[in-house]
Amino acid sequence: MAESVRALGARHSVRIYSMCQEQSHHSPQFKALLIHGAYPQSVPIHVSLSVAQCERALLISPSRQSLIRDLGSCDDGWLRSSSGLGTISSISSRVRIFYPPTPKHVVALLSLLRCRDDDNATDATEPKVTVDSAPSLLILHEPSAYFLDDQIQCASTLSSYLLLVAHARAIAEYFSSRKSNPARSTSLLVFDSRLDQLKLPLFRAPSELAFDAQQERDNNLRPEAVLPAAKRYFDKVGTFQGRSLRMNVS
């Protein structure tokens, strides 16, 4: 019998999160892991729910509606049957989800996130982006979704995507330094199923072209694959091919 989506998602989730939990005296196997390709859409949720009892997870996704739709279409019977149970609700309370609608909102969120034990936190600190304890797991879910519509208008560039990853790595380092972090380290996981297809220009088109207009447009707006540049920001990269997950060390 073919392996169920639930079993497939759970198996890969255990493999992924076990690397987060391999602390080795507070030195995890990786600081940043990229998962791309056609992974089961329930895997990020399974990984989030796998955090230890004393730990927290934080997930950033472009759209609540899209996340629910993807979970509903992945045919994960366990999520449908167990998500409403009291035990699962208790576990899910340790997972906090944000839905910033644009790349600018993502950058603002990652810049403003703070822990209550931060010595620099004040009464003016925004409570909506303040967490009681630092998460041991930070998940950036489907960041390519922010740029897919922009490919035609070329409103974003390759560095726009990389900026999200850089900010995510910076806040993961901040969380790792906090006394409230029970794991004493925060791992960053980026799940991006469409990163393989994402192409963005290196530069934005100038508003006024001083030279040959068509030549300048051709030079500035030629799209480049984002994946090769994005890989450099991660310690490990996992690629889903069919029902298999292949891990590579960057």
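1. In this predicted model, Glu142 is found in the loop that joins β6 (137–141) to α7 (150–153). Glu142 is a buried residue, and its relative accessible area is 4%.

2. The backbone of Glu142 deserves attention. Its phi is positive, at about 50 degrees, although Glu142 is not a glycine. As a general rule, most residues other than glycine have a negative phi.

3. Helix α8 (residues 158–176) may be checked for its length. With 1.5 Å a residue, its 19 residues should span 27 Å, and the C-alpha atoms at its ends are 28 Å apart, which agrees.

4. Several residues of α8 are buried, among them Leu158, Tyr161, Leu162, Leu164, Val165, Ala168, Ile171 and Phe175.

5. How does α8 lie against helix α6 (residues 103–112)? The two axes come within 9 Å and cross at roughly 15 degrees. Angles under 35 degrees count as roughly parallel, and α6 and α8 are therefore roughly parallel to each other. The crossing of α6 past α8 is left-handed.

6. Which residues form the contact of α6 with α8? From α6 come Pro103, Val106, Val107, Leu110 and Ser111, and these meet Leu163, Leu164, His167, Ala168 and Ile171 of α8. By type, the residues of this contact comprise eight nonpolar, two polar and no charged.

Definitions and conventions:
Residues numbered from 1 in each chain as written. Predicted model: local features only at pLDDT ≥ 70, side-chain atom pairs only at ≥ 80, totals over all residues. Heavy atoms only, no water. Axes fitted to C-alpha atoms, helices over the stretch in contact; angles between N-to-C directions. Helix = DSSP H or I, 4+ residues; strand = E, 2+ residues; numbered from the N terminus. Parallel < 35°, antiparallel > 145°, perpendicular 65-115°, else oblique. Left-handed = near helix turned anticlockwise from the far one by under 90°. Contact = heavy atoms within 4.5 Å. Nonpolar A, V, L, I, M, F, W, Y, C, P; charged D, E, K, R; others polar. Buried < 20%, exposed > 50% of the residue type's maximum accessible area, 1.4 Å probe, protein only. Expected span 1.5 Å × (residues − 1).
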